[in-house]
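Hello,

Here is the structure we talked about. Please open it alongside this note, and then read on for what turned up.

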Amino acid sequence: MDDLLEAVGMKRRGFSEIRNRTETSDDGLFSRHLSRAMKRGLTSKSVPVNTSHGKKRIRYEISDNALRFYYTYVYPNMSALVSSEPERFYDEYIGDTLEDFVSFGFANICKSYLEAITRDVMLGNVREVGRCCYVDKFTGKKGEFDLALLKDDGRCEVCFAKLSPFPMTKDDIEMGTRLAMGIESVNVESVGFISVSGFEDGCEGILIDGDTLYRDRAIFS
């Protein structure tokens, strides 16, 4: 089980990627281990809101942030942790990727927030909140939006979440809006933005700042 959780690590990964990272050749055995981890609440399955993309876009992640930290930084580097000074261990094994680690957790917080306000009937007619997969018609490359609200009529509101010490800028909003509205494989109705540090003056649209997330924290309960 430890090897499986180490293979998942800080990210959201697909079945084959996790299996390959564990160097397991038996699909049946690996499936049983993964199912056991989900039943114990150690991992969870992430399915795109636009499920037409099928099983190949299903991803798995570690459910708890403390466990995710342990299996990303501590468990794989246990020998170095024992023998190194704390500052050196941080510099060598944590510092370079900590921002990515925290950003992933922030995106999950934003997802929980959007799910909560949906349950509270503040958004209405939202069927599901989660990842949204797409194919770029110009490059043929597959991609995904981390956050999207799928409406009952099949339209989506795409949401970009940013964890940064700096406010989101007009350029950030314009770039995100162009990207989302330019994807023809997804019926994007509107685009929203969540920025923990707020927005620069003059920004317009569907905007949620860190103060709003904190002020509305009661809806999580």
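This is a predicted model: local features need pLDDT of at least 70, side-chain atom pairs count only at pLDDT 80 or more; totals for chains, interfaces and linings use all residues.

**What was found**

Glu-23 sits in the loop that joins α2 (15-22) to α3 (27-39). Phi of Glu-23 is near 60°, a positive value in a residue other than glycine. How accessible is Glu-23? Its relative accessibility is 74%, so Glu-23 counts as exposed.

**The sheet**

Five strands make up an open sheet. Their order is β3-β4-β5-β6-β7, and the pairing is mixed. The edges are β3 (126-135) and β7 (206-209), each of which pairs on one side only. Neighbouring strands are turned by 30° against each other on average, direction ignored. As background, strands of a sheet pair through backbone hydrogen bonds, either parallel or antiparallel.

Now for β3 and its partner. β3 pairs with β4 (residues 142-151) in the antiparallel sense, over eight bridges. Val-129 has Leu-149 in β4 as its bridge partner. Tyr-134 stands opposite Gly-143 in β4. The two strands form a hairpin with six residues between them. Gly-140 lies in that turn and has a positive phi of about 75°.

Is β3 enclosed or open to the outside? Seven of its ten residues are buried, so β3 is largely enclosed by the rest of the structure.

Helix α8 lies across β4, β5 (156-162), β6 (188-195) and β7. It runs at about 145° to β6.

**Aromatic rings**

How many aromatic pairs are there in the whole structure? A search finds eleven. Take Phe-69 and Tyr-73. Their ring centres are 5.0 Å apart and their planes are at 55°, so this pair is tilted. Edge-to-face would need planes over 60 degrees apart, and stacked would need them under 30.

Both residues belong to helix α4 (residues 65-74). They are four residues apart, about one turn of the helix. Their surroundings are as follows. Tyr-73 has 1% relative accessibility and so counts as buried. Phe-69, at 29%, counts as partly exposed.

Ring pairs also link Tyr-134, Phe-145, Phe-160 and Phe-193 into a cluster.

Arg-68 lies over the face of Phe-101, at 3.9 Å from the ring centre.

Ser-84 is in the loop between α5 (78-83) and α6 (86-94). Is Ser-84 buried or exposed? Its relative accessibility is 18%, and the cut-off for buried is under 20%, so Ser-84 counts as buried. Its side chain reaches the backbone oxygen of Ala-80 at 2.7 Å.

Ala-116 belongs to helix α7 (residues 98-119). At 2% relative accessibility, Ala-116 counts as buried. How far is Ala-116 from Asp-91 in space? The C-alpha to C-alpha distance is 37 Å, while the two are 25 residues apart in sequence.

Best wishes

Technical notes
Residues are numbered from 1 along each chain as its sequence is written. Side-chain values use heavy atoms; hydrogens and water are left out. Two strands pair if DSSP finds at least two bridges between them. Axes are lines fitted to C-alpha atoms, for helices over the stretch in contact, and angles run from 0 to 180 degrees between N-to-C directions. Contact means heavy atoms within 4.5 Å. Rings of Phe, Tyr and Trp (its six-membered ring) pair if their centres lie within 6.5 Å; planes under 30 degrees apart count as stacked, over 60 as edge-to-face and the rest as tilted. Buried means under 20% relative accessible area, exposed over 50%, partly exposed in between (1.4 Å probe, protein chains only). A charge sits over a ring if NZ of Lys or CZ of Arg is within 6 Å of the ring centre and within 35 degrees of the ring normal. A polar contact is a pair of N or O atoms within 3.5 Å; within protein, one must be able to donate a hydrogen and the other to accept it, and residues adjacent in sequence count only if both atoms are side-chain atoms.
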